[in-house]
Amino acid sequence: MIRTEALVYRYGREQSPVLNAINLCIEEGEYVAIIGPNGCGKTTLIRHFNALLLPTAGEVWIDGLNTRDFRSVGEIRRRVGMIFQNPDNQIVGMTVEEDTAFGPGNLGLPSTEIRQRVDEALATVGLKEYATRPPHHLSGGQKQLLALAGVLAMHPKYIVLDEPTSSLDPITREHVLLMLKQLHRKGITIIQVTHNMEEAAIADRLIVMNQGTVVADGPPSRVLSNINQLKLLGLAPPRITELMYYLQRMGEDVRTDIFTVTDAVTEITTLTNRLRQQAVVRPGGEVCRYV
């Protein structure tokens, strides 16, 4: 598991803490989304998960390994793969396959195993036919897939992503999200920072941050249906959830823990059928329903 104990972090000694006494436990195999307003500490938090940052106070443990122990940093970074918002920040190879091989190569693996890992990773993300191309010939979406391939070649237990779809077109975005779901089904723990509430809704668990603290933690069905809290934080709820919320405020008996169009159509159809059954025709031909 990934565990933080009273985690505090400051950028500079005199500044207020960006993270303030955070206690979290993320179990192996979870799909976690982290949301919150800009500047709340989301990126700072996840950079502690693979020892890119070390706590000002408190502790961070990865499968029992303390990130403060420099002898454990290599193993921590093998277990926890990080994908940044801008993929150009982590592309180092002259070709797609060379970049993908960078991580396993630094592990000192035999060349045959590196070759196998590279081929498997590129096939998984759909870039095998681009293996010999220079990365700068790829589109922005393909570069993000290349960053994911480089992480997969390390055979991580955890993949941590910092808004990986924020600059992608809708088709590539759906492709990346589909791959994350597939990797999660294979047992890889996914931890994703996002501003997209529809993306957050597909996670198993949702963590909401504000001003360096965790203000909500639970299943998306509970967290995202708290429309008032989200709006107070300046976060836009999922549009479908907000629609159901306003229907409920108008007095209709509908669920608010709904995030997809399909579920909303089902719920509204059920509501419509129920209202039809309650409707009566008055002598003047006016249709009303029982209250």
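Biologist: Which hand does the crossing of H4 and H5 have, right-handed or left-handed?

Modeller: This is a predicted model, and in it the crossing of H4 and H5 is right-handed. The residues in the contact of H4 with H5 comprise seven nonpolar, one polar and no charged.

Biologist: Which residues of H4 and H5 meet?

Modeller: From H4 they are Ala 121, Leu 122, Thr 124 and Val 125, which meet Leu 145, Leu 148, Ala 149 and Leu 152 in H5.

Biologist: At what angle do helix H3 and H5 pack, and how far apart are their axes?

Modeller: Helix H3, residues 96–106, packs with H5 at an angle of about 40°, and the axes are 7 Å apart. The crossing of H3 with H5 is right-handed. Val 96, Asp 99 and Thr 100 of H3 make the contact with Leu 146, Ala 149 and Gly 150 of H5. By class, that contact has three nonpolar, two polar and one charged residues.

Biologist: What makes Ala 131 count as buried?

Modeller: The relative accessible area of Ala 131 is 12%. Buried means under 20%, so Ala 131 is buried. Ala 131 lies in the loop between helix H4 (111–125) and helix H5 (140–152).

Biologist: Which residues is Ala 131 in contact with, leaving aside its neighbours within four places in sequence?

Modeller: They are Thr 95, Val 96, Glu 97 and Leu 122. As for Glu 97, its C-alpha atom and that of Ala 131 are separated by 4.9 Å, although the two residues are 34 residues apart along the chain.

Biologist: How do you know that strand S1 and strand S4 pair?

Modeller: Pairing requires at least two bridges, and strand S1 (residues 2–9) and strand S4 (residues 57–62) have five, in the antiparallel sense. Thr 4 stands opposite Val 60 in S4.

Biologist: In what order do the four strands form the open sheet, and which are the edge strands?

Modeller: The order is S2-S1-S4-S5, with antiparallel pairing. Strand S2 (19–26) and strand S5 (65–66) are the edge strands, because each pairs on one side only.

Technical notes: Residues numbered from 1 in each chain as written. Predicted model: local features only at pLDDT ≥ 70, side-chain atom pairs only at ≥ 80, totals over all residues. Heavy atoms only, no water. Helix = DSSP H or I, 4+ residues; strand = E, 2+ residues; numbered from the N terminus. Buried < 20%, exposed > 50% of the residue type's maximum accessible area, 1.4 Å probe, protein only. Contact = heavy atoms within 4.5 Å. Left-handed = near helix turned anticlockwise from the far one by under 90°. Nonpolar A, V, L, I, M, F, W, Y, C, P; charged D, E, K, R; others polar. Axes fitted to C-alpha atoms, helices over the stretch in contact; angles between N-to-C directions.
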